[in-house]
Amino acid sequence: GRDGRFRKGKIITVHSKPLVEPGAQAITTFDGYYIDSVKVEGRHVTRNNSTSAVLIFTRLVQNGKLTKPNGNFIVWNAEHTQTQVAGLGTPRFPKDDAWTTTGGARGENKFGNRSVNWTRTIINPLHKAAACRWIDKGLVKITRNEKSAVLDFGDGTCDNKATITVNGITKDIRL
């Protein structure tokens with residue numbers, strides 16, 4: 001590919017109807033698919049749950065798995081719902097759009113004899129405006145092997161700043 005990665009196998013996506021139509025869904029599966037030497041597996045589902053008043057899309061990852069030749073792997077399941085919260089009245093002008101994301105994911109990373117179980121739960125919806133490069137609001141709780149952290153994207157100000165809190169200690173980070 002243009003990015004220098006070698007790909008082989010098939011990515012198969014089946015659409016029930018055009019994804020822009022409410023009620024539509026697209027299901028993607030992988031058949032012998034590899035990126036370089038990493039095997040890609042699982043099922044990805046995108047559903048259009050929109051109403052006449054608001055655009056809503058749900059994305060599922062079911063038994064997603066990336067496996068390296070040495071047996072190390074990452075396996076996960078996820079469900080995220082994106083809802084358009086601004087710009088609905090100007091469909092041909094996407095620069096005023098904004099979306100929120102809710103949901104979470106869970107999985108396991110295996111490296112040699114070590115295994116890390118993790119979860120990621122969106123506590124307060126993530127907010128992303130088209131006019132801003134970064135997520136500007138929302139809280140995510142991240143847990144790895146029973147240790148938790150909270151990632152706070154801020155108050156809605158468009159910047160590359162966030163905070164992470166672990167064991168009551170908060171640090172500023174750059175996105």
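Here is a short briefing on nonpolar cores and salt bridges. Keep in mind that this is a predicted model. Its largest nonpolar core has 6 residues, and a search of the whole structure turns up 3 salt bridges.

**Nonpolar cores**

- The largest core is built from I122, L126, V140, L151, F153 and A162.
- Two strands, β7 (114-129) and β9 (147-155), each provide at least two residues of this core.
- Another core, of 5 residues, lies apart from it, and its members include V61, W76, A78 and W118.
- Take L126 as an example: leaving aside residues up to four places away in sequence, L126 touches W99, T100, T101, I135, K137, G138, L139, V140 and F153.

**Salt bridges**

- R7 and D3 join their side chains in a salt bridge, at 2.8 Å from N to O. R7 is partly exposed, at 36% relative accessible area, and D3 is partly exposed as well, at 47%.
- D36 and R5 form a salt bridge at 3.4 Å, N to O. D36 sits in the loop between β2 (25-35) and β3 (38-48), while R5 is in the segment before β1 (7-15), so this pair ties together parts that are 31 residues apart in sequence.
- D36 is partly exposed, with a relative accessibility of 35%, and R5 is partly exposed at 43%.
- K39 and E41 also meet in a salt bridge, with 4.0 Å from N to O. K39 counts as partly exposed at 30% relative accessibility, and E41 counts as partly exposed at 28%.

Terms used: Residues numbered from 1 in each chain as written. Predicted model: local features only at pLDDT ≥ 70, side-chain atom pairs only at ≥ 80, totals over all residues. Heavy atoms only, no water. Core = buried A, V, L, I, M, F, W, Y, C linked by side-chain atoms within 4.5 Å. Buried < 20%, exposed > 50% of the residue type's maximum accessible area, 1.4 Å probe, protein only. Helix = DSSP H or I, 4+ residues; strand = E, 2+ residues; numbered from the N terminus. Contact = heavy atoms within 4.5 Å.
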